[in-house]
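Please look over the sequence and the model below before reading on.

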2 protein chains.
Amino acid sequence: MNLKAERGAATRDRVLTVARRLFAEQGYEGTSIETVLQETGLSRGALYHHYSGKDALFEAVLEQVETSVGVRLMEAVKGIADPAEALVTGCLAWVRMARDPATRRIVLIDAPAVLGWERWRALEERHAFGMLKAALRATGRVPKEALDVYAHMLLAAINESVLLVARGNELEGAERAVEDFLHRLLRP
Amino acid sequence: MNLKAERGAATRDRVLTVARRLFAEQGYEGTSIETVLQETGLSRGALYHHYSGKDALFEAVLEQVETSVGVRLMEAVKGIADPAEALVTGCLAWVRMARDPATRRIVLIDAPAVLGWERWRALEERHAFGMLKAALRATGRVPKEALDVYAHMLLAAINESVLLVARGNELEGAERAVEDFLHRLLRP
DNA sequence: CCTCCAAACAAACCGACTGTCGGTCTGGAA
DNA sequence: TTCCAGACCGACAGTCGGTTTGTTTGGAGG
């Protein structure tokens, strides 16, 4: 049962790669399953055998993107002892990562609308948001009953600055603003 | 040319009311033009005569909601002299307003995905975001070159807290968090 | 080696949906 | 009275997401 499993995995991977590109370029609504089929050379039945629907396919793509972001984020902060510094470094790393239009469009724009806020948050909790919350807790600068709200607001603010950068504003300005924003919030 | 113009305006209004309810209840994707036609009793041709497409209809609905929010926001802060206090009061008013699920779904969840970030921002600039930026400028607590980024991040953070409240967390906690968040940011 | 099941894929098909197009009706200007 | 533009109609084309039915094939069990 090896050849078959591998073939299946390879197919899923092919679909994921194509779908990721299309979702990034044209958004969720703008990409049709039809196009995914054309570009992968797959049949309808094959695709629906692996993914139960368009939204499930999107979720799989999102999961892949978030995982990749998480890995790179861990690399960026590893070795930093001071929690506050790690938090700032991590946030700035995310800002730089999200210059990739694919990440922006999929993670920040379409995900909440496609999955609904609940499912979106549940997924985020397992990835970037979970890491942010842990980092914020480690700084000890925020009362623990407000930790959740703070983490949410902070991530939202940072994500917004990412989208702002994408609009054309220069990256450095936004980076400085994010840093300043964080410092203001984390002052004792 | 009065009766005709009035009839047209009345029709647009009827469509807008129905569409607003449907978009709020089922989201953009979950709402079909078909249903709008059924519930308004209008014909396809008539609707497409007034609105060029589904997204244009959504934009019109969004415009209406934002305008209504803007008006109520102005009322909430009128008579408050201190800029910082007006800012806080306005933000809290918005938090309370956005308890309405229709507002949340349309303005915060679907709008960016449907219109795209650019068109969404342009529209927001003419409404709540414009007001927030002006209020923030008036406080004089933020260097003017960082004003735009700050305003964006701030609004995003507040909007996020609104969605958090909607998830079930009690309102008062979020209100306190927003207030605290603002005070931390606006400290000299 | 043969049998047989389940995973992988194919293709016809379905209902629902969006947007278009030619055409009708009518208020009101000329 | 004529005539046009705006309001409205409804059939239709094309697309899309998803289902169903059928075919191939790897590999586990006898």
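In chain A of this predicted model, if one takes the contacts between residues at least 6 apart in sequence, 67% of them join residues at least 24 apart.

**Chain A as a whole**

- The C-alpha trace of chain A spans about 60 × 40 × 30 Å along its principal axes, and of the 188 residues in the chain, 52% are buried.

**Salt bridges in chain A**

- Over all chains, a search of the whole structure finds 24 salt bridges, and one of them joins the side chains of Glu59(A) and Arg119(A) at 2.6 Å, N to O.
- Because Glu59(A) lies in helix H4 (residues 54-77) of chain A and Arg119(A) in helix H6 (residues 101-125) of chain A, this pair ties together parts that are 60 residues apart in sequence.
- Glu59(A) counts as partly exposed, with 25% relative accessibility, and Arg119(A) also counts as partly exposed, with 36%.
- Another salt bridge joins the side chains of Glu124(A) and Arg121(A) at 3.4 Å, N to O; both residues lie in helix H6 of chain A, 3 residues apart, which is about one turn of the helix, and both are buried.
- Arg21(A), Glu25(A) and Glu39(A) are linked with one another in a network of salt bridges.

**A salt bridge in chain B**

- The side chains of Arg44(B) and Glu34(B) meet in a salt bridge of 3.2 Å, N to O.
- Since Arg44(B) lies in helix H3 (residues 44-50) of chain B and Glu34(B) in helix H2 (residues 33-40) of chain B, the pair ties together parts that are 10 residues apart in sequence.
- Arg44(B) counts as partly exposed at 39% relative accessibility, as does Glu34(B) at 43%.

- When neighbours within four places in sequence are left aside, Ala86(B) is in contact with Val77(B) and Ile80(B).
- Ala98(B) is 12 residues from Ala86(B) along the chain, and the C-alpha atoms of the two residues are separated by 18 Å.

Notes: Residues are numbered from 1 along each chain as its sequence is written. Chains are lettered from A and ligands numbered from 1 in the order in which they are written. This is a predicted model: local features need pLDDT of at least 70, side-chain atom pairs count only at pLDDT 80 or more; totals for chains, interfaces and linings use all residues. Side-chain values use heavy atoms; hydrogens and water are left out. Contact means heavy atoms within 4.5 Å. Buried means under 20% relative accessible area, exposed over 50%, partly exposed in between (1.4 Å probe, protein chains only). A salt bridge is a side-chain nitrogen of Lys or Arg within 4 Å of a carboxyl oxygen of Asp or Glu. Helices (H or I, at least four residues) and strands (E, at least two) are DSSP runs, numbered from the N terminus.
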